[in-house]
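Try each task before reading its solution.

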Amino acid sequence: ASTHCPLIMPRRLRRLLASLRREEICGRRAKAAIPQRCMSSKAAATPSQKLRSLLEKDGIITMPCCHDGLSAVLIERAGFPATFMSGFAVSASYGLPDTQLLGFAEMRDAASKVASSISIPVIADGDTGYGNAINVKRTIRGYQQAGVACIMLEDQVAPKRCGHTRGKQVVGKEEAMARVQAAVDAREEHGLDILIMARTDARAIDGIDSAIERCKGFVDIGADITFLEAPQTVEEMQRYCAEVPGFKMANMLENGITPVLPTEQLEDIGFKIAAYPFALLNASIVGMAEALETLKKGKSPENLPFKELQDIVGFTAYFQEEEKYATK
């Protein structure tokens, strides 16, 4: 009698087969949902397909961060190809600090409002996944259903906090890997069309070597993008990009821990995405504060022409649709 050794496939081959399986599942579902008369028309790209296309093109992606539908609309109108829904900014819109006082449902709903208001792809902050590995799976499904192109998951201890503030802690490496593995498994098991960004905050606690090792592990598991939060020098940023394969994001947080560099330099170092988390949030706070001070002095603040304001919030498109379906 002969014995047979089980076939053990390399991890990258398993990831390739899983990706092909997702495409097959998504293709079958899309085909089943489309009436026969529409089968000849070309299907619109999904959010994750749009983001993949951007990642595969030459050049760095400059990505302002949003926190609601209006800020997302302004980013798209300004011509940016993608946006990042910042957990810090969403928390601020509730009048709260970024210390995970908002939960899964609130963040998913915020992501849905952002994604439904624009056509460019959205990367959305998924914090720690809102629980254990099983919760992470539910979070992946919820964010994909909300219409985001990519979810970011991090390895902080819950309740997490802004990566440039004091008091943060990270889970052990094994648990950090388990979170990302659960996200990848959820995507593969359910054929979900969503990218995964894996973030580590280990630099502040365990040093740059530990943070780089975690990012390497995230890539091996199947993360599409990595994000090493708060490197403290240009040399650390260079090490991260040189030693970790795949797409990487830089967080250009004004007055934070990480050096803020020109996008050309970030691209030369090896970053694919440059995120600007506070650009719009700070501008809105400054603008509102100035308007309030003007009102306190008994004067009227300078405003946009009302017609332009109507156009920004969607009245122009609404009126066009209204005319199209008007009855005599």
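**Exercise 1.** Which helix supplies the largest share of the lining of the second largest pocket?

Some ground rules come with the model. It is a predicted one, where local features need pLDDT of at least 70, side-chain atom pairs count only at pLDDT 80 or more, and totals for chains, interfaces and linings use all residues. Residues are numbered from 1 along each chain as its sequence is written, and side-chain values use heavy atoms, leaving out hydrogens and water.

*Solution.* 
1. Start with the lining: 15 residues, with L70, L74, S284, M288 and L304 nearest the pocket's centre.
2. Look for helices (DSSP runs of H or I, at least four residues). At least two lining residues each come from α3 (69-77), α12 (279-296) and α13 (306-313).
3. The answer is α12, which supplies five residues, the largest share.

**Exercise 2.** Which aromatic cluster do F315, Y318 and F319 form, and what kind of pair links F315 to F319?

*Solution.* 
1. Apply the pair rule: ring centres of Phe, Tyr and Trp (its six-membered ring) within 6.5 Å, with planes under 30 degrees apart stacked, over 60 edge-to-face and the rest tilted. The count comes to five aromatic pairs.
2. One of them joins F315 and F319, a tilted pair at 5.7 Å centre to centre and 40° between the planes. These two residues are separated by about one helical turn because they lie four residues apart in α14 (residues 315-324).
3. Y318 and F319 make an edge-to-face pair, at 6.2 Å and 70°.
4. Together, F315, Y318 and F319 form one aromatic cluster.

Definitions and conventions
On a 1 Å grid over the protein atoms alone, a cavity is a set of points where a 1.4 Å probe fits but cannot get out, and a pocket is an open set with protein on both sides within 12 Å along at least five of seven lines; lining residues have an atom within 4 Å of a point.
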